[in-house]
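Have a look at the model, then read on.

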Amino acid sequence: RAAFARMVASDGVRLGAFAVRVDRAVCDLFGAEQTARVRRAWARLDAGEEHELDLDPSNPLMKQRASSFIEGLSAHPWHEPATRHKWAKKLEQEWTVVRDELAAALADEGALEAQGNNVWAGAKNQTSASAYGQDWKTLALCDRTVWDETNAALFPRTCELLHRAKVPLLEAFFAKMPPRSTIGPHSDMCNFALTAHLGVDVPEGECSLTVGDGTREWRNGGAMLFDTSILHEAENRADRTRYILMMRVYHPELTAVERQALQFVFDCLDEPELLDDRVALREYPERRRAVEAASRISWERVLLASGKGQRRAAGFAK
C-alpha cells in the first residue's frame, strides 16, 4: 500500500516539479474541469497543508483531519451500508464464505505463514503503530485495486465474492485485533476513502468501534461503513482475537472520473517513470484495466482447479 500511504501522509515532503508534471498529466488524460477537486487536493498535499474541522466542538472525537482532502464530500461518522449499497448487502448475505475460508487458513497458521505474502504484517509506520499498537496485524488481499497474487490465491472464494459483489475497492485485507487491546483515537488522514468492516470471527458484545459521536459493536456477518478521516477508536475487551475483513472504498460522492484520476496519481507515486512514457500515458486507461484483470487470474485459477465457482471464474477469465 506504499503509494496510497505516501499520498495520505506527505510527511512535509514538497513534490515541486514532480507535482506539476502529475497535474498536467491528469489534465491531459481526464480533463482539467472534471478533475479540479482532485488537482486542488494534490496541490494542498504538495504544499503540506492539513485540513482540520470541528464537527462538534463539544465532542473531542468529532474532528475531521486529513492531509489528503477533497472538498465537497460529506463528512458523517457512520454510513448505512446494507440499506444504501448493494455490495454491502451481498457481503452480509454471503459472509460465511469469508468466515469458512479464513477459519480453514487459521487451522494451519504455519502453512499460511509459509505460503502467504507478508502474512499478518504490522503497522507501516510509527504514526500508525502508535495508534493501532504493535499487535494489530493485517493480511493483504487487494492493494489499490490490484489483487495480491499470492494471498488472493489462498482466499479465492473471498476474492471472488468481493469482485462479484462489485465492491468499489481500493484495498481489502483481513485484520486481527488481539485480546484485551485498544486502538487509540486517530484519523487515517484521507477523506476520499471510507472504511468498511465485515465481521468474520468476532467475540460479540465485547468489541466496539467509536467513530466521532457514535459507538457500535462488531457482529459476525455484519457490515459497517464509516469515515476514518473523523477521529475514531476501538476496543477488544474479550479474551480472544477479533478478526474482520477490512476494505477501503471510494467515497460515494466522488465521480467516476475523479476515481480514475486518483488512481493515476497513486500509480505516478508508485512508478514516477510512468510520466516519461508517452505511449503508456496515452494508453493508461486500457493498461490499467488490463493490470487489474491480470491480477485476478491467480484466484480465478484456484477456483477453476477446485471445481468451485467454475462457471463464474470461467466467465471472469474470458
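Q: What makes a helix crossing left-handed or right-handed?
A: A crossing is left-handed if the near helix is turned anticlockwise from the far one by less than a right angle, and right-handed if clockwise. The crossing of α3 and α11 is right-handed. This is a predicted model, so local features need pLDDT of at least 70 and side-chain atom pairs pLDDT 80 or more, while totals for chains, interfaces and linings use all residues. Residues are numbered from 1 along each chain as its sequence is written, and side-chain values use heavy atoms, with hydrogens and water left out.

Q: How do helix α3 and helix α11 pack, and what is the angle taken between?
A: Helix α3 (residues 36–47) and helix α11 (residues 256–270) sit with axes 9 Å apart, at an angle of about 35°. Axes here are lines fitted to C-alpha atoms, over the stretch in contact for helices, and angles run from 0 to 180 degrees between N-to-C directions. Helices (H or I, at least four residues) and strands (E, at least two) are DSSP runs, numbered from the N terminus. The chain comes to 15 helices and 13 strands.

Q: Which residues of α3 and α11 meet, and what kinds are they?
A: On the α3 side there are Arg37, Val38 and Trp42, and these meet Glu258, Ala261, Leu262, Val265 and Leu269 in α11. Those residues divide into six nonpolar, no polar and two charged. The classes go like this: Ala, Val, Leu, Ile, Met, Phe, Trp, Tyr, Cys and Pro are nonpolar, Asp, Glu, Lys and Arg are charged, and the others, Gly among them, are polar. Contact means heavy atoms within 4.5 Å.

Q: Why is Trp95 called buried?
A: Buried means under 20% relative accessible area, exposed over 50%, and partly exposed in between (1.4 Å probe, protein chains only). Trp95 has 16% relative accessibility, so it counts as buried. This residue is in helix α6 (residues 95–106). Not counting residues up to four places away in sequence, Trp95 touches Leu198, Gly199, Val200, Asn220 and Gly221. Gly221 is 126 residues from Trp95 along the chain, yet their C-alpha atoms are separated by 5.3 Å.

Q: What makes the pair Thr210 and Thr215 a polar contact?
A: A polar contact is a pair of N or O atoms within 3.5 Å; within protein, one must be able to donate a hydrogen and the other to accept it, and residues adjacent in sequence count only if both atoms are side-chain atoms. The side chains of Thr210 and Thr215 come in at 2.6 Å, and they make a polar contact. Thr210 belongs to strand β9 (residues 207–211), and its relative accessible area is 13%, so Thr210 is buried.

Q: Why does Asn236 count as buried, and what does its side chain reach?
A: Asn236 has 1% relative accessibility, so buried is the label. Its side chain reaches the backbone oxygen of Met177 at 3.2 Å. Asn236 lies in strand β12 (residues 232–236).

Q: How do you know that Asn191 is buried, and where is it?
A: The relative accessible area of Asn191 is 1%, so it is buried. Asn191 is in the loop between β7 (181–186) and β8 (193–201). Its side chain reaches the backbone nitrogen of Ile70 at 2.8 Å.

Q: How many disulfides are there, and how far from Cys159 is the nearest cysteine sulfur?
A: The search of the whole structure finds zero disulfides. A disulfide is a pair of cysteine sulfur atoms within 2.5 Å. For Cys159 the nearest cysteine sulfur, that of Cys142, is 7.9 Å away, and Cys159 is in no disulfide. Cys159 has a relative accessible area of 0%, so it is buried.
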